[in-house]
Amino acid sequence: MDNDRIDQIIDKHQGKASSLIQVLLEIQSENHWLPKEALERVSEKLQVPLTRIRHITTFYKAFSLVPKGRHEIHICMGTACHIRGATHVLDTVQDLTGIRPGETDMDLKFSLETVNCLGCCALGPVMVVGGKYHGKIAPTEAEEALKNYE
Amino acid sequence: MGEILLQIDGREVKVEEGMTILEAAQSTGINIPTLCYHEKLEPYGACRICTVEVETGGRTNLVAACLYPVQENLVVMTRSEKVDKIRKMLLELMIAHAPEAGALQELAQEYGANKDRFEKEPSFCILCGLCVRYCAEVKKKNAVGFVDRGGRREVIFIPEIAAKECWNCKECFPLCPTEALQAGYLLTEALAFPSGNR
Amino acid sequence: MPRINSPTELEELRKSILSKRDPDRPCIAICAGTSCLALGNDRVIGAFEEEIKKQSLEAKVDIRATGCHGFCEKGPNIVIYPEEICYMEVIPEGVSDIISQTVLGKKVIDRLIYTDPNTGEKAAHQSEIPFYKNQMRHLIGNNTKVDPKSIDDYLALGGYSALSKSLFEMTPEQVLEEIKKANLRGRGGGGFPTGLKWETARNAPGEKKYVIVNAHEGEPGAFMDRALFTGNPHSVLEGLIIGAYAIGSHQGFIYTRHDTPQLRNNIVVALTQAEGYGLLGENILGSGFNFNVEVHLDIGIFVSGESSALMRSIEGKTPEPRPKYIRTAVSGIWEKPSNLNNVETWANVPQIINNGSEWYTSIGTERSKGTKLISLSGNICNTGVVEVPMGTSLREIVYDIGGGIPNGKKLKAIHFGGPLGGSIPASLLDTPLDFDELAKLGAPMGAGGMLVMDEDTNMVDVARFFLNFLTDESCGKCVPCREGIRQMLKILTNITQGKGREGDVALLEELAEVAGNASLCALGRTSSNPLLSTLYYFRDEYEGIKENG
């Protein structure tokens, strides 16, 4: 991502320091992660100290300071999913991918994250891979589903 | 600014409006322990060791003295069974992270805190934020800041800024209640300039 | 879009919208709520569009992608107007049958309607389906009737008449008085009287004041606010504008999460449309009242729902609760008086203005008025969004609406209020839904997430789950919360792994007391609620596990 594009995003928010989170979110959503150079640019343009940017970008799991895998796996660990066995799904996925929540594998194939509640509790346990929902999923089904990704 | 009459530990005290309980107590020579408070910095309210008991309108509350504004007829108890119990446990919780810190040791003795109550997890930091806030508020350099949240919260130096600003300052070092800061700083230096050519 | 300059013009517009609508014209309302979309309802919508095109019915049949219908368990849901036939678990392959047999042939397809699992009885309308018929759907009921992206749909149902009434027939004081008389209490968790909060903000010194919609909904297991706001955004927006008028605010914020793009889109469309009609912006409806709204996106973390943390986030800072003993209604965003209410609270406002506080207070219990949205989930047959009058017993919600516990299991406990709430045992099932009654039992209602647990649930694990959640979701600023939760979690983890020690329970209680008394914000102060409630009602499980270990 080049500085021109970052500047465009910042300009869209009139360069207001209060738009910091929105600006970072937009960069993250376009680039899938936040390179150090991008953060420095944002700091300079918005006149926000790097310390605050570092705090915010580490405060939220949604931001990534390293490149993400091709397929992002989200496993819901909300209450309804929890009591319906989401932990077993997570264990299985961890075993299969060899990564823990917050991590990306060496081949940049999968990134794994847990989320607090996706708001579709009727479908619990829920796993989302690259935006595709897998509801009422059993550990073995999760394993099967992940085999389809390259 | 008007004057406010309140009671601290049974003594009638007259102080300026707008003061906090802590300032009011200090102005009359009553000691309330603090760890994250510094007179040059905005009140922060994180360590909670200054918790006191207040009574207003017949109700008692536990509040942070460094933040709570004085009010007419406020009754403050800087020590009570509840207050001591809270301070004791807060010290036990913090000592698990900074077992050697002098400031904590002293207070632990006063409040009868058991230094071994919780399993040691030395991070040498109680996250009081004095360094972070001093750097931001007084020096306006923002070379040091917090990262992460919840139980993973930490203090770090931003290498690029630290390299430029910190050598000639180091004013935050003596503020640290656990002496952790120097180690953190040196670590950053090592990380930022691994070849040591600067 | 013509700008509306007076109440008369608003009524004329409404008439003209209605005159163009044929009540007998078939319309297929397809749920595009979170659960139904996750089940692939976008494909169902696509199939309907294709089929209608194929049969050249564009001029005869409408399709409406709506917000959540409520019965998530049986999704994808559709309702076919004008007969209001409810079809469930619809798949794209069934679409052509639905068009030919029901929309055109006016016949009900038996296999697509609700079948009562106990009696085998069939039901085709909301008025007959137990899940719906035992509810009072004043807030969420319009979801099937409006396209969230169409302000005209909302106007057709009488929308913005409460705003017009407020601006032209009432003074701000009268609006405030009406809300106070209605005894509306905040739906976000605390149950604080909304009118009093408004009054504090109104009376606070300063020209600049802010009003905010809290659409953060960070409580796991709570999904009713996004169902309401995504499905009927104007109902919330209308409430917000009325509140701004009462408080004397000219700037509003809508605070929502980045991971609910549909909600955000619908809000943005609603704001644009309302502005286009002059219901928002300068000189609203020609009244001279100005009000603008900005959408603020945030990321779903639990502590950002805390009011002062939320306001710091709007300022662009890390959402850490503010350490001040001064209410945000007096000093909030940029130290200005800032009135924060959640989605559901705002949506109640137009109803109260339209129907009057007397009507409103006729619903509910003595101290909890109106209806309440509930997200029903867990070990329950009918997961979904439920709206009932306050005072409804938990038994009615679990059995009459929720259809009971699946797989022949017994009910063990009900948890309210998410990570800051509490669990009560099945023996208290006759408790009415009421802010104070539930709080008294140690299970404060919170935002309305109601988690049902069956006999297989381990209550120590439930307490551990919530503490684990909080250790990650607290900001980590103050010692009693950060370190207290860390230690409580360690002990509970040990207990659940059979490594509990003598004195664990007493230490847990002491930690809970210190976190409860000394923490900086409400999150820390109530962080041990789930632990304390399970210790109180299910103490034998703590001690039992310890003995086993």
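This is a predicted model: local features need pLDDT of at least 70, side-chain atom pairs count only at pLDDT 80 or more; totals for chains, interfaces and linings use all residues.
Trainee: Let's begin with chain A and chain C. How much area is buried between chain A and chain C?

Mentor: The contact takes 32 residues from chain A and 47 residues from chain C. Carbon and sulfur atoms give 61% of the area buried between the two chains. That buried area is about 3100 Å².

Trainee: Which three residues supply more than any other three of the area that chain A buries against chain C?

Mentor: Look on the chain A side of this contact. Three residues there supply 20% of the area that chain A buries against chain C, more than any other three. They are A:Phe59, A:Thr79 and A:Ile83.

Trainee: Which side chain does A:Lys61 meet in a salt bridge?

Mentor: Between chain A and chain C the count is two salt bridges, along with ten residue pairs in polar contact, both residues at pLDDT 80 or more. In the salt bridge of A:Lys61, N and O are 3.4 Å apart, and a salt bridge needs these atoms within 4 Å. The partner is C:Asp472.

Trainee: Which elements give two or more residues to the side of chain A that touches chain C?

Mentor: The residues on that side divide into 19 nonpolar, eight polar and five charged. Tracing them back to the secondary structure of chain A, the elements that give two or more residues are helix 2 (20–31), helix 4 (50–59) and helix 5 (79–83).

Trainee: Now for chain B and chain A. Which residue forms a salt bridge with A:Lys36?

Mentor: This contact takes 13 residues from chain B and eleven residues from chain A, and the two chains bury about 1000 Å² between them. The count here is one salt bridge, with the closest N and O atoms 3.2 Å apart. The residue that pairs with A:Lys36 is B:Glu160.

Trainee: Which element gives the largest share of the side of chain B that touches chain A?

Mentor: Strand 6 (144–147) and helix 5 (159–165) of chain B each supply at least two residues of that side. The residues there divide into seven nonpolar, two polar and four charged. The largest share is four residues, and it comes from strand 6 of chain B.

Trainee: Let's turn to aromatic rings. Why is the pair of C:Tyr210 and C:Trp334 called edge-to-face?

Mentor: A search of the whole structure finds 17 aromatic pairs over all chains. The ring centres of C:Tyr210 and C:Trp334 are 6.2 Å apart and their planes stand at 65 degrees. Planes over 60 degrees apart count as edge-to-face, so this pair is edge-to-face.

Trainee: How many residues apart in sequence are the parts that this pair ties together?

Mentor: C:Tyr210 lies in strand 7 (residues 210–215) of chain C. C:Trp334 lies in the loop between helix 13 (307–314) and strand 10 (338–342) of chain C. The pair therefore ties together parts that are apart in sequence by 124 residues.

Trainee: What is phi of A:Lys136 near?

Mentor: A:Lys136 sits in the loop between strand 4 (132–134) and helix 7 (139–147) of chain A, and at 44% relative accessibility it counts as partly exposed. Its phi is a positive value in a residue other than glycine, near 45 degrees.

Key. Residues are numbered from 1 along each chain as its sequence is written. Chains are lettered from A and ligands numbered from 1 in the order in which they are written. Side-chain values use heavy atoms; hydrogens and water are left out. Contact means heavy atoms within 4.5 Å. Buried area is the accessible area (1.4 Å probe) that two parts lose on being put together, summed over both. A polar contact is a pair of N or O atoms within 3.5 Å; within protein, one must be able to donate a hydrogen and the other to accept it, and residues adjacent in sequence count only if both atoms are side-chain atoms. Ala, Val, Leu, Ile, Met, Phe, Trp, Tyr, Cys and Pro count as nonpolar, Asp, Glu, Lys and Arg as charged, and the others, Gly among them, as polar. Rings of Phe, Tyr and Trp (its six-membered ring) pair if their centres lie within 6.5 Å; planes under 30 degrees apart count as stacked, over 60 as edge-to-face and the rest as tilted. Buried means under 20% relative accessible area, exposed over 50%, partly exposed in between (1.4 Å probe, protein chains only).
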